[in-house]
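Q: Could you go through this structure with me, and say for each label what value stands behind it?

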Amino acid sequence: MTAVVDDAPLTPLGATPSSDATSARTRARFWAGMAAPGTIWLIALYVVPAYAILAVAFGDIDPILRTAAPAWNPMAWDTSPMTNVLGRVFGGNLGHVFVRTGLYAFAALTGCCLIGYPVAYYVARVAHRSRGALLALLVLPFWISYLMRMLAWVNLLQTDGYVNRVLGWLQIGSGSRNWLDGDWPTVVIGLIYGYIPFFILPLYAALERLDARLIEASRDLGASALSTFLRITLPLSIPGLMAASVIIVLPMCGDYYTNTYLTGGSPRTEMVGNQIEFFLRGSSQPQTGASLVIVLMAFLMVAMAYYLVTIARSQREDARI
Amino acid sequence: MGTTRRRFIEQTAGLGALLGAGIPLLGACGSDEGSSSADPIRDGLSPEVGPLRVFNYADYVNPDTVASFELKYGVKVEITTFDSDAEAITKLANGSVDVDVFNSAAPNTLDRLIAGGLLQPLNKSYLANFANVLPSFTDPWYDKGSKFTVPYTVFSSGIGYRADRIDPALVEEMGWDILWDPTYKGVTSILDDYREGISLALLRAGVTDVNTTDVDLIKQAGDDLKQLTNSMNIKVNIEAYKDIPEGSTDLAQTWSGDLLAGAYSYLPEGTDPSVLGWWYPSDGVGVVGNDCMVVTASAKNPVLGHLYINHLLDTANAEENFSWNGYLPPIKGLDADYLIAQEYTPENLRGAVLTDEQMAKGLRYEPLPVDTDRLWEDTWSAFTAG
């Protein structure tokens with residue numbers, strides 16, 4: 001198998017051009033075959049659903065049942081529901097929901113950076129003998145469903161819950177704060193808690209791959225530990241930081257159950273995901289729900305484009321070095 | 001009932017991450033399944049071997065009552081749940097669920113279910129216990145002659161509250177206005193249901209047409225609801241069944257059945273049910289509703305489906321079911337006096353058990369025209385957006 005996939009010359013000295021071509025075709029078929037499951041997976045679970053979103057957003061509703069009547073043919077698309085949604089998002093009564101969602105995601109991302117970066121750095125660069133155990137601890141939350149973890153927070157944050165008890169014991173605040181009263185910090189805390197494992201693991205992988213010789217060289221040349229971190233480690237970890245950020249921000253923006261659980265359904269903390277959920281599952285306007293999905297995707301694609309440009313730039317700089 | 005208790009737990013199987021949002025959408029894409037069965041099944045057929053597949057809200061039927069049906073007919077019953085009327089119709093229409101009995105169809109959706117060919121007429125020869133149904137439900141407005149439906153439960157929408165924290169006389173005096181009283185800021189909730197929420201604001205404003213198509217009235221209702229966001233820090237959910245008994249909410253628009261269920265299921269141990277209170281307009285001008293049992297047009301076990309419905313119409317089984325879910329079946333003999341005597345209902349919640357007079361006088365949700373329905377939904381969306 002390795003002989004087939006290796007990049008080294010495969011043909012013996014004196015092989016004919018036709019055998020070179022056959023070998024190339026074999027390699028091409030092999031890699032196409034290897035990519036097939038992933039390609040099928042992407043088509044089935046991303047491309048088709050994405051097109052279904054478009055077909056519903058620009059489709060109609062069944063006149064009797066008021067369910068989605070998707071327009072699979074783009075020539076038959078009706079843009080009026082999307083126009084209506086855009087009107088509500090830009091200057092209407094849904095714009096602030098997008099802004100609120102973005103602010104929550106940004107605040108949670110900031111929290112993840114502040115908490116997650118030191119953890120990832122410690123596991124990747126400092127911990128040696130305990131690295132395996134720490135990684136296991138980082139993976140531990142994945143064993144419990146997100147839903148159950150949020151429910152646990154509901155208990156912790158109740159007025160007579162452990163959070164207030166600890167704060168009271170430490171004599172911080174009144175010790176009787178109602179955390180579940182529809183305030184944004186609770187939602188942000190929930191988002192940070194829910195998504196931080198997804199942030200730390202890719203960042204750990206990036207930090208763990210850093211070339212230790214560059215750090216040693218920096219120290220040998222007289223840079224302080226702080227300077228070495230700021231001028232070597234941090235810049236080199238930016239691609240990992242970006243990847244981790246993208247991984248958590250995308251689902252955060254579509255999240256609707258964190259705020260639902262942690263604020264008892266307060267309109268003050270409504271996120272875009274809640275509106276999508278209402279229109280897709282609880283209304284006779286599935287086109288509106290699908291249109292909101294598309295608008296949200298468009299916003300996120302801007303962030304994704306920035307990530308891709310940053311990665312490409314980083315790779316070019318690596319190549320120059 | 002527009003949505004069900006513990007709905008949020010069920011919801012987590014839904015959209016999740018943004019890119020996954022297309023997957024449930026695939027299920028939303030309609031198909032032509034569900035062709036109408038114009039005639040009911042013939043008389044005298046033997047029950048199928050099952051399993052019987054039932055479509056219902058979560059926690060809306062007593063497992064013991066289902067188990068006794070399984071034992072009686074030697075079949076398995078598989079219950080598939082949904083969260084809202086809209087979701088139920090979508091799943092039935094596109095064939096993403098394959099069920100025999102729809103256990104809780106809302107009357108205001110029946111016109112669509114019937115016109116869409118999703119239901120089959122019932123054969124009353126299998127429904128001997130239909131004789132137990134209250135006369136007011138044997139020829140209901142939504143299904144003349146009970147051709148397609150039999151009633152499952154009845155309920156009203158009112159105010160549940162903590163009688164140990166709020167004076168019942170004050171609730172009686174203020175009525176719906178108390179939900180707008182800043183005194184109770186942070187401890188008040190309303191139902192997460194666009195029909196219920198907007199109707200609440202309409203009723204508070206003295207409008208008794210809970211099916212209004214008047215644009216100005218709907219907009220005014222939306223504006224009134226928006227006041228609740230900051231002045232009351234209102235919560236919009238369907239958790240009052242546990243939040244009031246547990247004490248985290250003092251005041252809530254809720255369904256009578258939820259309060260009755262919560263009285264015994266969620267009160268902390270040792271707490272007397274007298275801490276709970278219920279208010280419904282004393283003039284009887286409030287919203288009442290009911291859910292219906294129907295057999296789907298595509299049922300593979302239609303005989304068994306009829307027998308299941310008949311099982312739930314049995315007086316003893318209906319009583320057992322009420323004792324668990326708190327929702328009153330419209331069955332003869334199951335009135336407030338009887339249910340209190342049997343200690344299913346505390347005396348102080350007598351008013352939460354609907355009377356014939358309340359059912360006759362109550363306001364009912366009817367199907368809305370498409371454009372009006374959208375206006376109601378958009379108004380609700382604007383309110384919940386904060």
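A: In this predicted model, the centres of domain 1 and domain 2 of chain B, taken over C-alpha atoms, lie 26 Å apart. The domain assignment of chain B gives 44-154 + 289-353 as domain 1 and 155-287 + 365-384 as domain 2.

Q: What makes domain 1 and domain 2 of chain B count as being in contact?
A: Residues are in contact if their C-beta atoms, placed from the backbone, lie within 7 Å, and 15 residues of domain 1 of chain B are in contact with 19 residues of domain 2 of chain B. On the side of domain 1 that touches domain 2, the elements that give two or more residues are α5 (107-115) and β5 of chain B. By class, the residues of that side of domain 1 are six nonpolar, eight polar and one charged.

Q: Why is strand β5 of chain B described as largely enclosed by the rest of the structure?
A: A residue is buried if 20 or more other C-beta atoms lie within 10 Å of its own. Twelve of the 13 residues of β5(B), which spans residues 150-162, are buried, and the strand is therefore largely enclosed by the rest of the structure.

Q: How do you know which strands pair with β5(B), and in which sense?
A: Two strands pair if DSSP finds at least two bridges between them. Six bridges link β5(B) to β10(B), residues 288-296, in the antiparallel sense, and S156(B) stands opposite V288(B) there. Strand β8(B), residues 251-255, is joined to β5(B) by five bridges and runs antiparallel to it, with T254(B) opposite G158(B). Four bridges join β5(B) to β9(B), residues 276-279, again in an antiparallel arrangement, and W278(B) of β9(B) is the bridge partner of G160(B).

Q: Which residues of α5(B) are called buried, and what covers them?
A: The buried residues of α5(B) are P107(B), T109(B), L110(B), R112(B), L113(B) and I114(B). Their cover includes α4, β3 (101-105), β4 (119-120) and β10 of chain B. After α5(B) comes G117(B), with a positive phi near 70°.

Q: Why is α11(B) called roughly perpendicular to α12(B)?
A: The axes of α11(B), residues 302-313, and α12(B), residues 315-325, come within 5 Å and cross at roughly 75°. Angles of 65 to 115 degrees count as roughly perpendicular, and α11(B) is therefore roughly perpendicular to α12(B). The contact is made by H311(B), L312(B) and L313(B) of α11(B) together with N317(B), A318(B) and N321(B) of α12(B). These residues divide into three nonpolar, three polar and no charged.

Q: What makes the backbone at R66(A) and N233(B) worth a remark, and are these residues buried or exposed?
A: Most residues other than glycine have a negative phi. Phi of R66(A), however, is near 60°, a positive value in a residue other than glycine, and R66(A) is found in the loop between β1 (60-61) and β2 (68-69) of chain A. Because 20 or more C-beta neighbours within 10 Å are required, R66(A), with 23 other C-beta atoms within 10 Å, is buried. In chain B, phi of N233(B) is near 45°, likewise positive in a residue other than glycine, and N233(B) is placed in the loop between α8 (215-231) and β7 of chain B. With 22 C-beta neighbours inside 10 Å, N233(B) also counts as buried.

Q: Which peptide bond of chain B is called cis, and where does its proline lie?
A: The peptide bond from G50(B) to P51(B) is cis, with omega near -5°. P51(B) lies in the loop between α2 and β1 (52-57) of chain B.

Q: What makes up the side of chain B that touches chain A?
A: Between the chains, 48 residues of chain B are in contact with 53 residues of chain A. The elements of chain B that give two or more residues to this side are α1 (7-11), α2 (22-28), α4 (85-94), α5, β7 (235-237) and α15 (370-384). The largest share, eight residues, comes from α15(B). By class, this side of chain B has 22 nonpolar, 17 polar and nine charged residues.

Notes
Residues numbered from 1 in each chain as written. Chains lettered and ligands numbered in written order. Predicted model: local features only at pLDDT ≥ 70, side-chain atom pairs only at ≥ 80, totals over all residues. Domains from an automatic or database assignment. Contact = placed C-beta atoms within 7 Å. Nonpolar A, V, L, I, M, F, W, Y, C, P; charged D, E, K, R; others polar. Axes fitted to C-alpha atoms, helices over the stretch in contact; angles between N-to-C directions. Parallel < 35°, antiparallel > 145°, perpendicular 65-115°, else oblique.
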